[in-house]
Amino acid sequence: MVKQREEQKPLPAALARSAARKRRTAQFRRDRGEEVVFLTAPDLLDYLRTPYSGKAATSFDERFRAVRQASLLVVDDLGTENATAWAREKLFQLIDYRYIAHLPTVITTANELEQVDERIRVRLLDDRRCTIFTIVARAYTLRRRRPQR
């Protein structure tokens, strides 16, 4: 689990590739009664787009505000989304808002940092606010499975 700095400032962003760490961090925050949003990048964008279909009880603005202001936002698999101009802009707006507000955000990606949108990458590389954890491992889905009997 990612520990907070000594002065109890939240870690605004971390790049990691560990499903267990993300789940433990999110559950720890939920257990403390905090609002946690934990979605893959494609699911996050789908969640935000749903009001445009007319099938959502909440507006885009309400959903965007809730995600933007959550106690903890975990965006899993950044880079797997369909990178339309709209998607890139919304992801940047979310991350930029949270960066400026010093809100804890965990971002995971299997991509190299150079492949992350430059506006987001600049914020992630700010070591005054962000801590990057690089975990080199095979993708979870590629790990050896037990033989079936």
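Mentor: Two strands pair if DSSP finds at least two bridges between them, and strands themselves are DSSP runs of E with at least two residues, while helices are runs of H or I with at least four, both numbered from the N terminus. The structure is a predicted model, in which local features need pLDDT of at least 70, side-chain atom pairs count only at pLDDT 80 or more, and totals for chains, interfaces and linings use all residues. Residues are numbered from 1 along each chain as its sequence is written, and side-chain values use heavy atoms, with hydrogens and water left out.

Trainee: How do you know that strand 2 and strand 3 pair?

Mentor: Strand 2 (residues 36–40) is joined to strand 3 by five bridges, and pairing asks for at least two, so the two strands pair; they run parallel, and within them F38 stands opposite V74.

Trainee: What joins strand 3 to strand 4?

Mentor: Three bridges join these parallel strands, which again meets the requirement of at least two, and here V74 stands opposite V106 of strand 4.

Trainee: What makes strand 3 count as mostly covered?

Mentor: A residue is buried when its relative accessible area is under 20%, exposed when it is over 50%, and partly exposed in between, using a 1.4 Å probe and protein chains only. In strand 3 (residues 72–76), five of the five residues are buried; L72, V74 and D76 lie on one side, and L73 and V75 on the other, so that both faces are covered. Across the protein chain, 37% of the 149 residues count as buried.

Trainee: Why is the unit made by strand 3, helix 4 and strand 4 called right-handed?

Mentor: A crossover is right-handed if, with the strands pointing away from the viewer, the path from the first strand over the helix to the second runs clockwise. Strand 3, helix 4 (residues 85–101) and strand 4 make a β-α-β unit of this right-handed kind.

Trainee: Why does T109 count as buried?

Mentor: T109 lies in the loop between strand 4 (105–108) and helix 5 (118–124). Its relative accessibility is 9%, and the limit is under 20%, so T109 counts as buried.

Trainee: Which backbone atoms lie within reach of a polar contact with the side chain of T109?

Mentor: A polar contact is a pair of N or O atoms within 3.5 Å, where, within protein, one must be able to donate a hydrogen and the other to accept it, and residues adjacent in sequence count only if both atoms are side-chain atoms. A polar atom of the T109 side chain lies 2.7 Å from the backbone oxygen of L78, and the backbone nitrogen of N111 lies 3.0 Å from a polar atom of that side chain.
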